[in-house]
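Subject: Structure handover

Hello,

Please find the structure below, with notes on what was found in it after that.

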Amino acid sequence: MSKNILFSAKNIVKSFHGTQALKEVDLDVYEGEVVGLVGENGAGKSTLMKIIIGVQPQGSGEMYLRGKPFQPHDPLEANAEGIGMVYQEQSLITTLSVGQNLFFGHEKEFMQMGIVNWKKMYAEAAAVLSEVGCEDINPRKKVIDLNFATRQMVEIAKVVNVTKEASTDGKCLILLDEPTSVLNETEVKRLFQEIRKLTAKGHSVIFVSHRLDEVLEISDRIYVYKDGENAGNMNVADATEAILYERMVGHETNSEYYHLDKQVIPKEEVVLEAKDLGCRGKFKHVNFQLHKGEILGFCGVVGSGKEEICSVFCGDESPDFGELIVKGRKTKYSAPYQALNDGILMIPMERMVEGVIRGLSVEDNIALSNAGRLSKRGMISRKRVSEQAVEWIRRLRIKTSGKEELVIQLSGGNQQKVVFARVLASESDVVILNHPTRGVDVGAKEEIYGLIRDMVAEGKSVILLGDTLDECIGMSNRVLIMRDGLVTGELDAAVDAKPSQVSIISMMV
Amino acid sequence: MNKLKTNKAYFATYFSMAVIICLVLIFTIMEKSFINSSNINNLLSDTAPLMIMAAGMTPVILIGSIDLSVGAMCSVSNVLVVSFIMKFKDTIYADWFIMLVTFVTTLVFAVIAGIILGLIHVKLKVPSFIASLAFMSIWNSAALLISNSPISIPKKLWGTIDWYKISIGPLGYPLVIAFLIIIGYYVILTRTSLGRGIYAIGANERAARMSGIAVDRIKITAFAVNGFCAALGAIFLMAKAKSCAPTVGDSFTLMVISAVVLGGTALIGGSGNILNTILGVFIVSIIKNGMNIVSINVYWQKVVFGVVVLIAIAINTDRSSRSFIVK
């Protein structure tokens, strides 16, 4: 590996509406190396990528490319300097051939008298593919016939092609944001082979991923970001998954923050039970009992199967194996309304899209999940709908000009509260909270924790998918730890005996 | 009250009212007899079948779907009801009983057809416009297969369909029934969980599902209701003409959809008021009646309707792009 620095970022600061997304982070990339970048949600990984590629400007700090100051104003400018990015969502047109995709928008270069010289284009495409070490991809093949890893490589080839021409030494920097999220195991292996071929040719890669094992496998050096700060920078030889995870999650539990004084001991009564539950390709052999008045936390990295388990409980998906027993009765749901009839309701993760109907009023949204109970002889009582709305607006301190205001006119935080109001108003006894504090500022987080404690005090049971490990431990009575679709551990989390993050991490990774 | 919401609701109503007044003025200037009482009576009684079908189409469009088979469904029901009558006319049963049985059978058939369309749309996830386009072809041909020429109702049974000519003041019996149906639907749409589910699904189907609304069931219900209304419209057409014709409903598809859209219901779903569908229906039937009065060629009439639909959708889309619900 050569030791020339290709790119470096120094003291990058970025804030959005008062919250600091990046607080003076640094990043160096040498020629021909893969730099892994890891961190929890909101750690600032994506923000830095966007700054490097020129989608957003940094607040302060400098970037240097080949020793010269570098400040792109848009991705095209970054491409012209030799930096390209492959986005998480695939951007190829699947019905066109590889070659057509590589030169999409540049067909003019191959035109002779207004007609495209395909032979010339495909010859050129083959050259581009061999540049990234993919001589074996036939440029005449349609993208739809390729597996995802190969498609990913075509995207990389496309990016390399537009960047390398511009850069003075023909070396470029490729940013890969979660490139493996759509790939299966063998496809990931293949992608890694290709990335290695790429670096062998002297190009460099920044690899952003949630999956620590993959980062460890492919990277030469790894940066860990936490809350917008640099929490570590190490050679891959010095890193293990546990070390990385510890750096990612950082500080220990603060008891007041999670209202630990209000944590109650759950009752004996079992409200929900999973027996050997499984969903093909997602999770299997899941066994547990949820008691009345209990907060059960699910921990696991992305792809561990915890999200999918929630989809099964709330009725959005049907399990393939095993039994789901609700209040002593064996059930199987095919739609969420059936789960709601049994008193199970989920607060979805994408609340703006799945949680509220933004074109309806606040009162109508709050009444969405319990319209049946507000009716007399089939007729919904407008009076009760509005009384209910007034009550919840007061209790959750929702800032709105009135119960008839459309949800779309509320601020993001208040839209979140409307979702909570709806779920609380539904009087479901089992509430599944899927990342309840995602995208919520610190003050509102504490408010939400208080709400969860109140729900449990009323005798509801909660399944919690925490946004952070700390939150999951802090709020739960008990945590289940998942890895690769299996439950790998179960720990009690009583007020005075909260498990340490390290002990959980060891089961997660 | 939310100002935006009310302004918008009023806008849809006033706009449609203004269009109706303009149309009446234009047609009266072109042909004085447009405004005389016999034509007005004619117009009002002709409006009933269209209004019933538009009432059925409104919930379908509110959930963000569409049913292009409504006219064909009307044709096939129209032929079915008469062929049932012909089959049973010489039995020993009382005339009124024969009529009742044939009506009920036809309505049940249409509801089942609607449910099947709904199931195909919901369970097989076929877009409703393409599924209903296929059904349009099926029902059009089915109507012709059952009877490829018009059949008249025998004179001895005319007594049983005389109710169609009864008037209550200026309004014919059929129009009163159509109004009652619209009012009934209005109550269902605004005051029951089914109705609120329809708006919720149209506005955000995913969120509606996750909120515990029985999305599939509600969507299928909307299609079943639409089938019912198409068949009821067909029965009205039969009673009016005292005969059936295998293509009688075909021209209704476009008229029904234009009426609903002119009434301010957004084609993307989730927003609209079925009471405004009444205004949309009158716009359509005034244009149709007026064009007949000023004797515009039938083929040109179809050109005009095509243009009307395009204008209606253009105006409507523009309004809903601000994505506020009209309740």
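In these notes, helices (H or I, at least four residues) and strands (E, at least two) are DSSP runs, numbered from the N terminus. This is a predicted model, in which local features need pLDDT of at least 70 and side-chain atom pairs count only at pLDDT 80 or more, while totals for chains, interfaces and linings use all residues. Residues are numbered from 1 along each chain as its sequence is written, and chains are lettered from A and ligands numbered from 1 in the order in which they are written.

Chain A

Chain A holds 17 helices and 24 strands. Its radius of gyration (taken over C-alpha atoms) is 26 Å, close to the 23 Å that the globule rule gives for 509 residues, so chain A is as compact as a globular protein of that length. The globule rule is 2.2 Å times the number of residues to the power 0.38. The C-alpha trace of chain A spans about 75 × 55 × 45 Å along its principal axes.

A residue is called buried if 20 or more other C-beta atoms, placed from the backbone, lie within 10 Å of its own, exposed if 12 or fewer do, and partly exposed in between. By that count 49% of the 509 residues of chain A are buried.

One of them is Gly305(A), in the loop between strand 15 (295–299) and helix 9 (306–313) of chain A. Gly305(A) counts as buried because it has 22 C-beta neighbours inside 10 Å. Two residues are in contact if their C-beta atoms lie within 7 Å; leaving aside neighbours within four places in sequence, Gly305(A) is in contact with Lys282(A), Phe283(A), Gly300(A), Met482(A) and Gly485(A).

In strand 6 (residues 83–86) of chain A, Ile83(A) and Met85(A) point one way and Gly84(A) and Val86(A) the other, and all are buried. This strand pairs with strand 9 (residues 173–177) of chain A in the parallel sense over four bridges; pairing requires that DSSP finds at least two bridges. Val86(A) stands opposite Leu176(A) in strand 9.

Chain B

Chain B has twelve helices and four strands. Its radius of gyration is 20 Å, close to the 20 Å from the globule rule for 327 residues, so chain B too is as compact as a globular protein of its length. Of its 327 residues, 48% count as buried.

The unreviewed UniProt entry lists several spans of chain B under "transmembrane region", including residues 126–147 and 168–188. Positions are given in the numbering used here, feature names are shortened, and annotations may be inferred rather than shown by experiment. The end C-alpha atoms of residues 126–147 lie 30 Å apart, and the span is 86% helix and 0% strand.

Where the chains meet

Contacts between the chains involve 26 residues of chain B and 28 residues of chain A. Helix 7 and helix 8 (205–210) of chain B each supply at least two residues of the side of chain B that touches chain A. Eleven of the eleven residues of helix 7 (residues 193–203) of chain B are buried, so this helix is largely enclosed by the rest of the structure.

Regards
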